[in-house]
Structures are given as C-alpha cells and as structure tokens.
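Dear colleague,

My findings follow directly after it.

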Amino acid sequence: MLLVLLLASALAIVRARNLFAVVVLSGIYSFIMATQLTVLDAVDVAMTEASVGAGISTVLLLGTLYLTGSEEAAPGHRPVLPLLVAIATAGMLIYGTLGIPVFGDPSGPIHQHVAPRYLQEAVEATGIPNVVTAVLASYRGYDTLGETTVIFTAGIGVILLLGMGRRARYGAQGQGGGMQEYLVLRVIAKLLIPFALLFALYVQFHGDFGPGGGFQAGVILAAGVIFYTIIFGLANAQRLVPPRLVEILVALGVAIYALVGDIGLLLGGNYLDYFVLDRDPVHGQHRGVFWVEAGVCITVAGVMLAIFFAFAGRRRRPDAKS
Amino acid sequence: MTFIAQFNYWVAMALLAIGLYIVIARGNLVKKLVGLAIFQTSVYLLYISAGKIIGGTAPIIAQGLAVYSNPLPHVLILTAIVVGVATLALGLALVVRIKEAYGTIEEDDIHSQDEER
Amino acid sequence: MSPAWAIAVPLVGAALIAATGARPNLRETVTLSTAVLLLGVVSSLVPDVMAGALPSAVLAEILPGIALRLEVEPLGMLFALIASGLWIVNSIYSIGYMRGNAEQNQTRFYVCFALALAATMGVAFAGNLLTLFVFYELLTLSTYPLVTHSGKPEAIAGGRTYLGILIGTSIGFLLLGMVWTWQMTGTLEFAPGGILEGKASNAMTGLLLALYMFGIGKAALMPFHRWLPAAMVAPTPVSALLHAVAVVKAGVFSVVKVIVYVFGVDNLARMHSADWLPFAAGFTIVMASLVALRSDNLKRRLAYSTVSQLSYVVLAAALLTPISIVGAALHISAHALGKITLFFAAGAIYTAAHKTEVSQLAGIGRRMPWTMGAFAIGALSMIGLPPFAGFLSKWYILQAAMGTGQTVAVAVIVLSTLLNAGYFLPIVYSAFFKAPAADVHGHGHGEAPLPILIAQTATAAGTVALFFFPGLFLGLAERLAGG
Amino acid sequence: MIAQHFPALQVVVPLMAAPLCVLLRNARLAWAMALAVSWAMVFVAGSLLARVLQEGVISYALGSWEPPWGIEYRIDPLNAFVLVLVSLVGALVISYSRESVDHEVRREQHYLFYAAYLLCLAGLLGIAITGDAFNVFVFLEISSLSTYVLIALGRDRRALTASYQYLIMGTIGATFIVIGVGLLYLMTGTLNMHDLSQRLPAVEHTRPVLAALAFLTVGISLKLALFPLHLWLPNAYAFAPSMVTAFLAATATKVAVYLLLRFFFTVFGAPLVLGEMPLPEILLALSLAAMFAMSIVATFQDDVKRMLAYSSVAQIGYITLGVSTGTAAGLTGTVVHLFNHGITKGALFLLLGCMAMGMKRVTLQHMRGIGRIMPVTTFGVVIGGLGLIGVPLTAGFVSKWYLVLGALERGWWWVAVLILASSLLAVVYVWRIVEAAYFKPPGEQVARLREAPLSMLVPAWAMIAATVYFGVDTRFTAGVAARVAELLLGGFR
C-alpha cells in the first residue's frame with residue numbers, strides 16, 4: 001500500500017510544474033519512503049531518510065527556490081528519448097531481478113555468507129547490540145570514514161561556491177533578519193531549542209542500543225541552530241556560531257575520525273583497529289566507536305550549518321550578472 | 001515466483017525509471033536534482049528489500065528475538081543516503097551560482113546564452 | 001670506432017650551432033668543421049666494412065626484443081659516405097647562398113640541417129627495421145622546418161603536403177607492415193637472405209611488399225610522389241642536399257634494404273610476389289619524366305627528374321638479380337652527385353640572376369659559364385652518357401634488365417633516357433647558343449658568389465671522377481649484392 | 001614497520017591533510033602541505049609497486065577485521081601501477097600549481113581549493129587501491145564531489161554549467177555502479193572483490209549477474225567518458241582551472257578505466273566478459289567511433305583546451321579498444337596507454353596552463369605566433385603533440401605498437417589499419433596548433449606575453465621529458481603492463 005503511495009507521489013512530482021509543489025511532494029515522498037523502510041526493519045535508515053530526505057533536502061530546496069524562483073518552464077523538446085532511456089534502464093534491471101531470490105526468503109545467498117556472522121558475533125566482539133551501528137562504525141568503519149569525508153567535501157564545496165554569509169549581506173534578510181518580533185515564537189524557540197540539543201545528544205549515545213547515531217544526531221543538532229536562525233535571524237545566529245567556528249567543526253569531525261585510525265596504527269594495530277585502543281578489546285571497540293561517532297556528529301552538524309548559512313547568506317538576484 | 005512477492009522490486013524499478021526520466025527530460029535544473037534524488041532512493045528500496053527477511057525484526061540484538069533482517073544493506077544505504085544529500089547540496093549550490101551568472105535555471109535558455117558569445 | 005659517433009657528431013654540432021647562433025662566422029665554422037669531422041668518422045668505418053666486418057652499437061631497447069640498434073653494412077656505408085661527403089660541399093654552398101640571398105633565421109636553418117644529417121646517418125646505419133623507421137621519421141620532422149623555412153603561405157602549404165604524405169604513408173603503411181612482420185616473424189633485424197623466408201605465404205608477401213614500397217614515401221613511388229615537388233619551396237641548399245640526396249636517397253636506400261635484408265632477393269624471386277614492382281617503378285619513371293618535360297619552373301623540373309630517377313633504383317632493386325642490386329647501389333651515388341650539381345647550378349642562377357623559369361635562361365651560359373658548365377655535366381650524367389657516373393649505373397641496370405629478359409624494363413630505360421635528353425638538353429642548348437632575351441633586371445649580373453662556384457665545380461668534378469674511379473663504391477655495392 | 005601500513009597511508013594521508021588545510025586556513029601552508037603530501041604519496045606508491053612486483057599481492061585488513069567481513073585493501077601490479085601514475089601526476093601538478101592557482105583562483109579560497117585537491121587525490125587513490133566493491137563507490141564519490149567543486153572554480157561562467165552537467169551524469173554513473181554492486185551482493189552475499197571472484201562462477205549465468213555486468217559497464221563507462229557517454233568531458237576540461245584540467249585529464253578517466261579492468265577481469269573474469277558476452281564487439285564499435293568521431297570533432301575546435309579534451313575522448317577509445325581485443329598484446333597496449341596518455345595529456349594541459357596565464361582563453365587565434373614569444377612552452381606543446389600522434393621515440397608510439405599488434409593477433413587486420421588511420425587525424429589537429437604557433441604573426445595580445453616562470457615550466461617539462469623517456473626506455477611501462485595483461489587474462493585464449 002505504502003509502495004503505491006510512493007509511486008503516486010513520484011508521478012505527481014513528474015507532473016507538477018510549480019517547483020514549490022515539487023519540493024513539498026518530494027518531502028512527502030521521503031516520509032513515505034521512510035515509513036516503508038521501517039516496515040522493512042531498516043529503522044536506522046528510515047530515521048536518516050526522514051531527517052535527510054524530508055528535513056535537510058526540503059530546507060535546501062526551499063532555500064534554493066527562494067534564490068532562483070519557483071516556476072518551471074514547459075519542456076521544449078519531445079521527451080521521447082528520455083522515456084526510452086528510462087524504460088531501457090528499468091528493463092535492464094527487471095531482466096536482472098527476474099532471477100533473484102524471492103523477496104524475504106531467508107535462504108537467499110545474501111543472508112548466508114557475510115551477514116550472519118555480524119548478527120552472531122557483533123555483540124560479543126563490540127558490545128554493541130545495534131548491529132547496524134556495529135557494522136557501520138567498526139566492521140565497515142572505513143566506509144563511514146569515507147562517508148564522513150564525502151559530507152566534508154560537500155561542505156567545503158558549498159563554502160567555496162557560495163561562501164558563508166558575509167555580514168554585508170544581512171541587509172537582505174529583512175530588518176536584522178528572522179522573525180524575533182513575534183514574542184510567542186521567541187518564547188517557544190527558547191523553550192524548544194535546548195530540548196532539540198538534548199535530544200541530539202540522546203540520539204548520539206543511544207545509537208549503540210537503538211536506532212540513531214552520529215549522523216542523525218549531527219543533523220538534529222544542526223536543525224536546532226537552524227531553527228534558532230529562522231527565529232532570530234542569520235546575524236544573531238552567526239554571533240552565536242561564527243562561520244569560522246562552523247568551518248572548524250566541519251574539518252574537526254573528519255580529523256577526529258581519521259585520528260582514531262592513526263592511534264590504532266600507533267598502538268600497533270592496523271588502521272582503524274579499535275581492539276588495540278584498550279587492554280580489553282571489547283572496551284577498545286566501544287571507545288573507538290564512541291569517538292568515531294562523535295567525529296561523524298561534529299562534521300555532519302558543521303556541514304549542515306555551513307550549507308544552511310551559505311544558502312541563507314546569499315542575496316536574491318533576479319537578474320543575470322554575467 | 002509471483003508478481004506480488006517481488007512487488008517491492010517492481011516499485012523500485014518504476015521509481016528508478018521515473019527518476020531517470022525526470023533527470024533527462026526536464027530542463028529545469030532544480031527539478032533535475034529532485035529527479036536525481038528519486039532515482040537514488042529507488043536504489044535504497046532495492047537494497048533494503050533485499051535485506052528483509054519475512055518474520056525478521058530490526059537487527060538490534062535483544063532477548064527473545066531469533067530472526068533479524070540483514071544489517072549490511074542498512075549500513076550501505078546509510079552511506080548512500082549521506083552521499084545523496086551531499087550531492088544534492090552541492091548541486092543546489094551550483095544551481096544558485098548558475099542562476100546568478102545566467103539569470104535563469106532553464107537548460108535551454110542557458111544553452112542559447114552560451115551560443116551567443 | 002662505434003657507429004654511434006656518426007649520429008652523435010652532428011647532434012653535438014647542432015647544439016654548438018645553436019649556441020653560436022649570434023656570431024655567423026663562428027657558427028658557419030662550426031657547421032663546416034662538424035661536416036668534416038663527420039666525414040672523418042664515417043670513412044674511418046670503411047676499412048672494417050670492406051674487410052667484411054659489421055661494426056654495430058645498441059643505443060636503447062625501445063620494445064622488449066626490439067632494440068634501437070646500429071649496424072654498418074656495405075649499402076649503409078655507401079649511403080653514409082655520399083651524404084656526409086656532400087654535406088661538406090653543401091655547407092660551403094649554403095654559406096654563399098644564404099648570405100647571397102640574405103635569408104632569415106639562418107641559425108635555425110643550420111641547426112635543422114645538422115639534425116637532418118644526424119637522422120640520415122641513423123637511417124644509413126640502422127641495424128633493424130624499427131631503428132630505420134625511427135630515424136626515417138626523425139628525418140621527416142627535422143626537415144619540415146627547412147621546407148617551410150620562408151614561412152610564406154606557399155611554404156606552409158608545401159610543408160603540409162610534405163608532412164602529410166611522408167607521415168601518412170609511413171604511419172599508415174610502413175608501420176603497419178612492420179608490426180605485421182614482427183607479428184609473423186618475431187624479429188625485425190636485418191638479416192642477409194631476409195627474415196620472411198617461409199614465414200609468409202605468397203599473397204601475404206605481395207601485400208606486405210606493397211605496404212613497404214608505398215609506405216616508404218620518401219622513395220616517391222607514384223602516386224605518393226607529390227611531397228617532393230612540394231618540398232621545392234625550400235631554399236636551394238635544402239633541395240640540393242636533402243631532396244636530391246639525403247631524404248630521397250634515404251627512401252630508395254630503405255627500399256633496397258627492405259628488399260635485400262627483409263624479404264630476401266632469392267625469396268622474392270622465387271615467389272613472384274614482386275613481379276608487379278617493375279611496372280609500378282617503370283610507370284613512375286616515364287610519367288615523372290613527362291611531367292618534367294612540361295614544367296617550366298627549373299626546380300620543379302629537377303624535382304620530377306628526381307622522382308623518375310629514384311624509381312630507377314626501385315626498378316633495379318625489383319629486378320632481383322645481384323647485378324641489378326649493384327646497379328641500384330651505384331645509381332644512388334651517381335644520381336646523388338649529378339642531381340646535387342644541377343640544384344647547385346639552379347641555386348646559383350637564382351642567386352646571381354634571380355631567374356627561376358627555364359624559359360628565362362636563354363643565353364645565360366655566356367654570363368655564367370662555370371655554372372652552366374656544371375649544369376651541363378650534371379645533365380649529361382642524368383641522361384647517362386659517358387664519361388659521367390650516370391652511365392655506369394644505368395649500364396648495370398640495363399644489363400640486369402637484359403639478363404632477366406624483362407623487356408618492359410629495357411623499354412622503360414631506353415624511353416626514359418630519351419625523355420631525359422628531351423628535358424635537359426634544350427636548357428643547355430639555349431643557355432649557350434641562344435641570344436639572351438633583352439630583360440630589364442638581369443643586367444650586369446655575372447657569376448654566382450665564390451663558395452657556390454667552388455661547391456658546384458666540386459660536385460661536377462665528382463660525377464666525372466666517379467666514372468673513372470668507381471672502385472670504392474663498386475666494391476661496397478658488390479659486397480651488398482654478394483650478401 | 002611503518003612500511004607494512006603503506007596501503008592505508010596511501011589514501012589516509014591526503015585524506016587527513018584535507019581537514020588540516022581547512023584548520024590551518026592559510027594559502028601558502030595549504031599548498032606546502034599538499035606538495036609535501038603528494039610527493040610522499042609518490043614514494044609510498046613507488047615502494048608499494050616495488051613490493052608487489054617482488055612479493056606478489058598485498059592484502060591489508062582495515063580495522064583488523066579479516067575480509068570479507070571487514071574492508072580489504074588488495075594491491076596487485078595493476079593497481080600499484082595506477083597508484084604510481086596518479087600520485088606521480090598529482091605531485092607534478094601540485095608542484096606546478098602555485099603560480100597558476102594564484103592567477104586563476106581567488107586568494108581567500110586557496111586553502112579550500114587545495115583541500116579539495118587533496119580530497120580528489122585521496123578519492124582517486126582510494127578507488128584504485130581498495131578491494132571492496134562498495135568502498136569503491138564511497139571513494140568514487142569523494143573524488144567526484146571534489147572534482148565538481150574544482151571544475152566549478154574555473155573563471156568562465158560555463159565552468160558552472162559544465163560542473164553541473166558532470167554532477168548529473170557522474171551521479172547517474174555512480175548510482176548505476178551501486179545497482180551493479182547491489183545485484184552482485186544479492187547473488188553472492190559478499191562485497192569483497194576477491195571473494196566475489198571466488199563465488200561468482202557458481203551463479204555466473206544467472207540474469208542478475210549479467211544485469212550487474214551491464215550496469216557496472218554502463219556506470220563506469222560514464223565515468224571514463226566512453227563515447228557516446230562523454231558529453232560531460234569537453235566542457236569540464238575546457239573551463240576548469242588549468243591545473244585541475246591537467247590533473248583530471250591525466251588521472252580521473254584513467255582510474256575509471258582501471259575500475260573497468262578490475263571488474264571485467266578480476267571480478268567477472270575474462271571467460272565470461274570476453275568469451276560469452278557480445279561485450280568486446282560493442283566495446284570495439286564504440287572505441288572506433290570514439291577514435292574517429294572525436295578526432296574529427298577535435299580538428300574543428302578553435303579552443304585548444306577543448307580540442308585536446310576531444311582528443312582525450314578519442315584516446316580513451318584506444319584504451320578501451322585494447323580491452324576489446326582480449327589479447328595479451330592488446331591489454332598491454334591498454335595499460336601502457338593508460339600511463340603514457342596520462343603523462344602526455346597532463347603535460348599538454350600544464351603547458352596550455354602556462355599560456356593561459358596571459359590570455360583569457362587559449363584559442364588558435366589567440367596563440368598566433370606564440371612560438372616566438374614563449375618558445376620553451378610552445379616547443380613542449382609540439383613534442384606533446386607528437387606524442388599524441390604516436391611518433392616513434394614518444395610514449396604514444398609504444399602504446400600504438402601494442403594496440404596494433406593486439407589487433408593483428410586477434411586477426412582484426414582492418415582494426416589495425418583503422419588505428420593507424422585515426423592517429424593520422426591527430427596529425428591534423430596537432431598541426432593546426434603548430435602552424436598557428438609558428439607561422440602566424442603574433443597578435444598584439446600575444447606580443448605582451450612573457451615566457452612562463454620556471455616553477456611552472458619545470459614540472460610541465462618533466463612530464464614532457466617523461467613522454468620521451470618512456471618512448472625510448474619501456475622496460476618499466478611495457479614491462480609492468482605485460483605482466484598485468486598476463487595476470488588479467490589468466491591464461492584465457
């Protein structure tokens with residue numbers, strides 16, 4: 001049923017001309033996707049998809065639309081070729097999937113070779129009941145280092161392309177920016193933001209036992225500040241969290257993560273070897289995962305802020321400067 | 001195998017096709033990126049569906065639970081999602097700059113402008 | 001002494017020339033002394049070769065199993081002797097010519113010249129096909145700036161044709177043939193009796209031969225001859241040494257070498273896959289002569305004469321008998337001496353009288369007796385009359401043609417001899433016996449500058465000398481034919 | 001002791017250096033660090049290659065989780081060779097970059113610029129070194145994202161659109177790769193390449209595996225700009241900053257080619273890929289199309305960077321053609337050309353960068369008569385051009401030799417003819433440059449130029465010298481390549 005909704009929303013996106021509609025629809029789409037993922041037992045993924053697809057992406061898209069205008073021109077050329085390409089690709093995949101094991105069948109090769117061992121030994125080896133976190137941060141911790149680097153790359157990319165709002169620009173954001181003239185909002189914000197940050201920390205540390213982890217925490221952390229910015233305006237927000245600090249956070253997280261790996265080297269293990277981080281290997285694992293997740297959280301939060309500041313700090317330009 | 005059994009996969013392909021179609025057919029740079037996102041999410045569905053075991057639960061070890069779904073796809077897709085949003089952010093930043101440089105985010109207008117010079 | 005010196009000397013020379021570019025006198029002293037030194041190096045190799053030794057040197061291993069290797073064998077020896085010997089004369093001539101015409105970028109000119117000579121030596125002493133190919137290409141590239149020397153549009157256009165045909169044929173056919181040979185035989189070394197013996201079927205051999213014959217564009221076998229007339233936009237010394245001697249001879253030299261050392265004379269003779277070659281050569285000889293007959297521009301006429309004369313060598317080689325091979329080798333030297341003389345003369349006329357067309361030359365013999373005298377000698381040698389070198393080589397080739405009963409070849413030689421006479425004698429005649437047409441600017445010009453006279457007299461004398469004392473060259477040629 | 005961790009350091013050091021650049025926030029320091037790191041990586045890669053050639057495959061378990069449960073770095077002669085190429089080019093380009101970047105990028109952005117470069121380097125090295133199919137994707141994205149950024153920093157506004165276009169096509173390609181990997185994982189339950197190669201034969205002929213092959217081929221082809229999936233490349237190369245163009249042209253597509261080889265021959269295995277699929281035929285057709293169509297397009301370009309960009313697509317045609325022959329000689333040609341063309345093209349773009357110092361865009365009109373004004377630079381361009389043509393004594397000749405040989409071994413004599421014919425097209429566009437540079441009178445814009453500074457000329461000429469050196473002494477390049485070819489074919493045919 002969810003899947004049908006998923007299809008419907010996707011098709012709606014194709015049809016919609018007004019980009020605001022598109023953005024909203026894509027937000028809905030992500031939510032449905034997230035729900036579907038929970039149905040499929042992928043709670044962590046669902047959580048991330050929700051916070052990223054429905055949260056961050058939507059904010060970014062809206063921010064962009066604010067700068068670029070929101071009407072899509074009617075396509076000039078006949079979309080025959082694109083249709084063919086799309087169909088062909090899907091066809092190729094259908095051809096492929098006709099041969100794959102039946103959905104949900106535990107005897108499929110995917111459930112045999114590597115995965116079972118994670119489920120069996122992860123807890124003993126790492127002391128982390130959430131196998132996803134264990135695999136993410138330890139078994140395939142190197143992938144996650146890469147992932148964090150990707151975020152980092154995107155961060156500096158956006159900073160390079162848009163710069164992080166220089167003070168000169170703020171005139172554009174209404175008077176002093178934000179909507180702090182609404183008392184109610186201000187009060188609510190004051191009340192909520194601490195909770196947001198608290199929740200972030202919870203997610204951060206609960207990641208070992210339930211869904212959650214550095215990435216989600218970082219996103220929520222950033223969300224808190226973003227919320228603050230929306231209420232009190234960019235100027236105040238950047239007085240609270242100056243761009244340079246954001247930049248440092250962006251770099252710091254990756255640096256921490258990579259450093260954990262180096263320490264592994266120094267203590268005579270391989271790169272990213274957590275066993276050697278403590279006399280007791282399980283503690284070692286725990287420690288490693290903790291710091292690694294911290295690194296992820298910091299970089300993610302930093303990058304999210306950087307991106308948000310970058311977009312918010314941009315003045316709207318109706319005409320080409322060319 | 002029955003059609004229903006593989007329904008998740010069918011949907012994944014449909015989404016894949018839709019996303020790809022938007023990317024190629026649409027001239028609006030923002031919409032292209034949205035299409036790209038759909039294209040990518042279809043892959044998430046593909047992976048996660050493959051990892052599901054009927055009657056299994058989320059791979060968080062606890063008493064009284066025997067069957068867990070495969071955690072590895074979840075890990076991979078977490079990475080994929082992050083990569084996806086990173087790409088999106090970068091893409092949007094480019095779009096903003098393009099808007100500033102060309103005054104439009106419609107592919108055709110941009111091309112026509114480049115022809116002129 | 002290692003043959004590598006023969007390449008090193010001109011290279012170093014080139015560097016020195018470039019360094020001394022600011023001071024013309026010093027620069028040209030360097031050029032001359034380099035040329036002399038080179039001749040010294042080359043001739044120092046003669047005794048060994050005559051004694052049957054094959055001095056060799058490995059420069060580098062370009063591909064696994066294929067080294068950049070030099071090896072001096074009789075034909076290469078002969079070719080190197082001519083080229084390096086004539087370089088001295090040509091350098092003297094160049095000095096007179098370049099100064100007489102106040103040419104631009106003289107340093108670049110001399111540098112490229114030296115480089116071209118280095119490449120020529122490489123071709124002459126190449127120990128295997130790859131080495132031959134490498135230096136063959138380097139020769140093309142190093143002579144390109146000389147062809148386009150003036151930088152005028154026609155020069156650039158000429159340069160395009162030059163490069164287009166030479167690179168095109170060499171990469172398109174020659175390289176392909178080479179790789180194919182390597183793939184079939186696993187070697188590219190030059191070996192007496194050839195390397196393809198029993199490796200390639202009859203048809204294959206024929207195809208391969210075609211790849212080589214047309215791939216060696218410098219042999220100017222029609223239809224790939226156009227680069228040579230195109231190259232005539234170059235200053236005369238270039239046309240003289242490079243496009244009458246070094247470059248074109250590098251072409252026919254390669255042809256002979258491939259036929260003798262890759263295919264093997266007997267092998268080809270047995271296979272009859274080379275039977276088409278005499279016709280191709282014969283066709284080129286006749287056609288080129290006809291074109292020469294009809295072209296009024298002197299250098300162009302000489303160029304086409306060269307085209308036809310080159311095919312003499314190809315024809316001779318294609319006859320596939322020892323004696324014809326001797327003829328081929330001899331013709332390389334004979335034609336070199338004769339043709340360089342003719343170009344010297346043409347250049348002299350241009351320098352002194354600024355005349356380029358045959359029709360303008362009436363009565364010029366009275367003003368420039370030395371020049372036209374030399375010209376006459378060259379012409380007669382081309383036609384193949386005694387007592388000039390040309391007679392010697394033609395005689396050998398004719399003998400071979402008779403011997404093998406190749407009536408076509410015989411006919412071609414006879415016909416072309418007549419044609420040669422047809423396009424050379426009128427020039428000589430009108431130069432000496434016609435009254436000069438009353439022309440405005442020609443007044444008062446006398447003989448060309450002294451260096452030019454010295455040079456052309458020397459080569460003219462050479463043509464005669466080679467007739468009377470062919471010993472050395474004949475010796476080398478017979479060693480080659482002997483295998 | 002430290003040497004045993006070189007596999008990890010090869011990637012992690014530049015990856016670490018990037019955030020440090022950001023923390024330092026100083027243009028000069030960032031550059032200095034990038035320089036030091038790059039050269040250090042050359043040393044690491046070199047010693048890795050040496051070790052592999054002596055002791056055979058090196059396996060390094062990251063996090064000490066033994067494969068296939070953890071991620072493995074697996075180094076054999078092939079990727080060691082690629083590592084050397086990438087790090088060497090990177091080092092030379094970064095040595096060259098200072099003046100050029102000062103000239104083309106806003107000062108306050110430098111530290112981020114060099115961070116992005118380091119990430120790109122780390123990403124490319126990561127792709128080349130890893131033995132884990134999904135890890136490939138992660139590092140592919142690191143290199144891609146940083147590449148998009150670097151391209152977008154070009155001075156012309158078209159750099160932005162070029163970058164965007166690349167972002168779209170690149171992401172599609174990457175996603176295709178993910179799908180392919182996913183299908184493989186679905187059928188085998190593993191992500192480790194070596195493990196895959198062990199387990200695939202059991203399910204070799206199932207549809208998912210074949211589909212995976214298809215997706216991976218298309219996805220990688222997008223990254224390596226196989227005609228007709230090259231559309232992103234020309235503008236990206238033409239409008240990116242000079243040093244970026246040089247770096248990408250020499251490394252990015254080459255690493256993608258490596259990936260193709262790795263999946264084709266290590267994961268799927270030659271018998272499946274060459275024996276039973278129509279893949280070689282398709283590859284051959286596309287390669288030939290690229291060689292001719294793109295060379296011809298190149299001859300009509302006036303923007304020289306663009307011209308060379310199209311020539312790159314054509315040259316990639318040669319590389320893939322070698323694969324399609326499926327012969328030892330052909331594959332040797334592929335691997336050798338990977339290296340040779342990387343060096344040659346890199347050098348050419350660096351030299352164009354020298355010219356770009358004085359002019360906004362390097363077009364044939366702008367560079368008239370530049371041969372007299374910037375003799376050293378221009379002469380370098382000529383030699384590089386000869387390398388593209390494949391004149392003997394340049395590296396290009398060696399590649400052509402093996403490719404032609406491969407075609408003949410396969411019995412495709414007509415392909416051999418076409419290879420040579422297409423290299424003649426190179427003569428045409430190279431000579432358009434030569435004539436413009438030497439035989440046209442200098443325009444007033446050119447007249448104001450000066451010869452480039454040594455800091456740029458030396459690295460550029462080092463690469464030119466390399467093209468000549470590896471054209472004369474091929475023991476290293478051809479030697480390794482031959483071994484690799486044997487390894488990949490594993491006695492197939």
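This is a predicted model: local features need pLDDT of at least 70, side-chain atom pairs count only at pLDDT 80 or more; totals for chains, interfaces and linings use all residues.

Residues are numbered from 1 along each chain as its sequence is written, and chains are lettered from A and ligands numbered from 1 in the order in which they are written.

Chain C has no contact with chain A, the closest C-alpha atoms of the two lying 39 Å apart. Nor does any contact join chain B and chain C, for which the corresponding distance is 31 Å.

Between chains D and B, 21 residues of chain D are in contact with 25 residues of chain B. On the chain D side, helix 5 (133-152) and helix 6 (158-188) each supply at least two residues; helices are DSSP runs (H or I, at least four residues), numbered from the N terminus. Helix 6 of chain D gives the largest share, 14 residues. This side of chain D comprises 13 nonpolar, 5 polar and 3 charged residues, where Ala, Val, Leu, Ile, Met, Phe, Trp, Tyr, Cys and Pro count as nonpolar, Asp, Glu, Lys and Arg as charged, and the others, Gly among them, as polar.

Within chain C, the contact of helix 6 with helix 7 involves residues including C:Phe173 and C:Trp180 of helix 6 and C:Leu211 and C:Tyr212 of helix 7. The residues of this contact are 8 nonpolar and 5 polar, with no charged ones.

With kind regards

Conventions. Two residues are in contact if their C-beta atoms, placed from the backbone, lie within 7 Å.
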